[in-house]
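Q: Please take a close look at one part of this model. A single connected account of how that part is put together, and of what surrounds it, would be appreciated.

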Amino acid sequence: MGKLTDALKKAAQERLARIERIDGKSEVKYEFIAKKTLNSKIDPRIIAFYDPQSPISEQYRSLRTNIQAINSKTPLKALAITSSTHSEGKTITAINLAISMAQDLNKKRILLVDADLRRASMTKYLGLDAHPGLADLILDGINVDTAVLDIGIENLTILPGGKIPRNPAEILGSPKMANLIGLLKSKYDYIIFDTPPIIPVTDAGVIGAQTDGVIMIIMANKTQKGVVKHSENLLKQSHSKILGYILTNIQYHIPAYIYRYL
Ligand SMILES: Nc1ncnc2c1ncn2[C@@H]1O[C@H](COP(=O)(O)OP(=O)(O)OP(=O)(O)O)[C@@H](O)[C@H]1O
Ligand SMILES: [Mg+2]
């Protein structure tokens, strides 16, 4: 046992020394960015797309399994992803989760909706040009089929945010939005809504209340406990059901020198 451990340690040190020589850097790197092997405009942080076999994609897959295993009275069909504050990883998690669901759920139709009408950053991460979307469906009554996008991933459809409106919360809470969600539920097996953060604006609660539940993203080493508690209260006040939590910014403890050989 001791010998094996020593041998593995030595081999790892040798590999690390070789990589350090190549990179000219001394620290062990933890990779969040995928190996961008495909020629695509999709952001390299969408690891489930570029590297479905990587340990990080495996984490998104186990998230998908956990969601399916949630014991709920009604089957979970529509989920909202939110967080307390800005930049905790909502959009990247929502995209990676939707891709893993599309890849693995045996021909289930997945719809990923950009319901962050204030930033509409999903198109940016997916490398797409501006396109009509959710806001245009509600405000201009355009047809759903002209708003949704196929990005070449089987079983996955995207509904972008569309034009940035002046009154996002009103749009998301409108009767038209409720009708649209009903229609989308009949067309797709699972719908994932990316939303703005809970504390600065009410949008996530408004959407959350119209879905089967909300998943809260918490960024490690950033979001304080009291802030999360406050967000939970806001979600409860809006009649949203919290299904669970995802911690982001956790270092995956497989150093780069091992990750490359997996
Ligand atoms: N699992 C993760 N681990 C570490 N960093 C992450 C993770 N997911 C996302 N990030 C980083 O967090 C930052 C914000 O990501 P993202 O845009 O997904 O957050 P957001 O919560 O949607 O932000 P916003 O509130 O502006 O919409 C990015 O720099 C991204 O690289
Ligand atoms: Mg976002």
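Predicted model: local features only at pLDDT ≥ 70, side-chain atom pairs only at ≥ 80, totals over all residues.

A: Two strands are taken as paired if DSSP finds at least two bridges between them. On that basis, alanine 80 has valine 214 in β5 as its bridge partner.

Strand β1 (residues 78–83) can be followed through its two partners. With strand β4 (residues 190–194), β1 pairs in the parallel sense over 4 bridges, and isoleucine 81 stands opposite aspartate 194 of β4. With strand β5 (residues 213–219), β1 also runs parallel, and the two are joined by 5 bridges. Within that pairing, leucine 79 faces glycine 213 of β5.

The burial of β1 involves both of its faces. On one side Ala78, Ala80 and Thr82 are buried, and on the other Leu79, Ile81 and Ser83 are buried. Since 6 of the 6 residues of β1 are buried, the strand is largely enclosed by the rest of the structure; the cut-off for buried is under 20% relative accessible area.

On one side, 4 bridges join β2 to β3, with the two strands running parallel, and valine 113 has leucine 159 in β3 as its bridge partner. On the other pairing, β2 and β4 are linked in the parallel sense over 5 bridges, with isoleucine 110 opposite tyrosine 190 of β4. Both faces of β2 are covered as well: Ile110, Leu112 and Asp114 are buried on one side, and Leu111 and Val113 on the other. Because 5 of the 5 residues of β2 are buried, this strand is largely enclosed by the rest of the structure.

The nonpolar cores come next. The largest of them has 38 residues, and those with the most contacts inside it are Ile95, Ile99, Ile110, Leu112, Leu156, Ile158 and Ile192. Helix α4 gives the most to this core, namely 8 residues. When neighbours within four places in sequence are left aside, leucine 112 is in contact with Ala94, Ile95, Ala98, Met122, Leu156, Thr157, Ile158, Leu159 and Ile192. There is also a second, separate core of 31 residues, which includes Ala78, Leu137, Ile181 and Val228.

Helix α4 has a helical neighbour too. Two packed helices are described by the angle between their axes and the distance between the axes. Helix α3 (residues 55–69) packs with helix α4 (residues 90–104) at an angle of about 75°, and their axes are 9 Å apart. The angle makes α3 roughly perpendicular to α4, since 65 to 115 degrees counts as roughly perpendicular. From α3, the contact involves Tyr60, Arg61, Leu63, Arg64 and Ile67. From α4, it involves Ile92, Thr93, Asn96, Leu97, Ser100, Met101 and Asp104. Sorted by class, this contact has 6 nonpolar, 3 polar and 3 charged residues.

Most residues other than glycine have a negative phi. Asparagine 155, however, has a positive phi near 70°; asparagine 155 lies in the loop between α7 (144–147) and β3. With a relative accessible area of 22%, asparagine 155 is partly exposed. Asparagine 249 likewise has a positive phi, of about 70°, although it is not a glycine. Asparagine 249 is placed in the loop between β6 and α12 (256–259) and is partly exposed, at a relative accessible area of 45%.

Terms used
Residues numbered from 1 in each chain as written. Chains lettered and ligands numbered in written order. Heavy atoms only, no water. Axes fitted to C-alpha atoms, helices over the stretch in contact; angles between N-to-C directions. Parallel < 35°, antiparallel > 145°, perpendicular 65-115°, else oblique. Contact = heavy atoms within 4.5 Å. Nonpolar A, V, L, I, M, F, W, Y, C, P; charged D, E, K, R; others polar. Buried < 20%, exposed > 50% of the residue type's maximum accessible area, 1.4 Å probe, protein only. Core = buried A, V, L, I, M, F, W, Y, C linked by side-chain atoms within 4.5 Å.
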